[in-house]
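Dear colleague,

Please find below the structure that I am handing over to you.

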Amino acid sequence: MVGDSELSRIGISLPQNLLDKFDGIIGLRGYSSRSEGIRDAIRSYITYYEWMSDVKGERQGVITMVYDHDHRGLMQTITEIQHEHRDTIQSTLHAHVNDERCLEVILVRGDGVKLKEVAEKLMALKGVESVKLTTIPVN
């Protein structure tokens, strides 16, 4: 990874509502600039990715997911993914957060690589706001 002393400039495009939320968070956390907040967010993303890469062996866990239930075809696709992985998905809990958003908690058990595959398929869907896989070894 490039050290903090070697800086590169990049340009990104973000929806205004996402940028507004990010600006609010960096203000609350006391960052001096967006760049500082973005660097911290990228570090956190990398750490999470590396942690996710180490999910191996028999695991028990949960996938938590927040999504826009009005996004065309999303609920059907989520259901198809869950049916495709019914060998690892033990149970689901669905809650309506508000008129647009839903929270789903999916109880999973199986090989860590397969659990990660399910979480990554869900993460890739448009209309899904967040997905988090948390597991523990069964042994």
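In what follows, a residue is called buried under 20% relative accessible area, exposed over 50%, and partly exposed in between, with a 1.4 Å probe and protein chains only as cover. By that scale Glu 117 is partly exposed, its relative accessible area being 35%.

Please note that this is a predicted model, in which local features need pLDDT of at least 70 and side-chain atom pairs count only at pLDDT 80 or more, while totals for chains, interfaces and linings use all residues. Residues are numbered from 1 along each chain as its sequence is written, and side-chain values use heavy atoms, with hydrogens and water left out.

Salt bridges

Side chains of opposite charge can pair when their charged atoms come close. A salt bridge is counted here when a side-chain nitrogen of Lys or Arg is within 4 Å of a carboxyl oxygen of Asp or Glu. The structure holds seven of these.

One of them joins Lys 121 to Glu 117, with 3.9 Å between the closest N and O atoms. Both residues belong to helix 4 (residues 112-123), and because they are four residues apart, about one helical turn separates them. Lys 121 is partly exposed, at 29% relative accessibility. Through salt bridges with shared partners, Glu 84, Glu 117 and Lys 121 are joined into one network. Helices (H or I, at least four residues) and strands (E, at least two) are DSSP runs, numbered from the N terminus.

A further salt bridge brings together the side chains of Arg 34 and Asp 23, at 2.7 Å from N to O. This pair links distant parts of the chain, since Arg 34 lies in helix 2 (residues 34-53) and Asp 23 in helix 1, eleven residues apart. Arg 34 is partly exposed at 40% relative accessibility, and Asp 23 is partly exposed with a relative accessible area of 26%.

The side chains of Glu 58 and Arg 109 also meet in a salt bridge, at 3.4 Å from N to O. Glu 58 is in strand 1 (residues 58-68) and Arg 109 in strand 3, so this contact ties together parts that are 51 residues apart in sequence. Glu 58 is partly exposed, with a relative accessible area of 38%; Arg 109 is likewise partly exposed, at 33%.

Strands 2 and 3

Two strands are taken to pair if DSSP finds at least two bridges between them. Strand 2 (residues 89-96) and strand 3 (residues 101-111) pair in the antiparallel sense over seven bridges. They form a hairpin with four residues between them, and Ile 89 stands opposite Val 108 in strand 3.

Helix 1

The expected span of a helix is 1.5 Å times one less than its number of residues. Helix 1 (residues 16-29) has 14 residues and should therefore span 20 Å, which agrees with the 20 Å between its end C-alpha atoms. Just after helix 1, Gly 30 takes a positive phi of about 85°.

Ile 10 lies in the segment before helix 1 and is exposed, with a relative accessible area of 67%.

The annotated domain

The UniProt annotation "domain: Transcription factor NikR nickel binding C-terminal", from an unreviewed entry, covers residues 61-136. UniProt positions are given in the numbering used here, feature names are shortened, and annotations may be inferred rather than shown by experiment. Over residues 61-136 the chain is 30% helix and 47% strand, with the end C-alpha atoms 6 Å apart.

With kind regards
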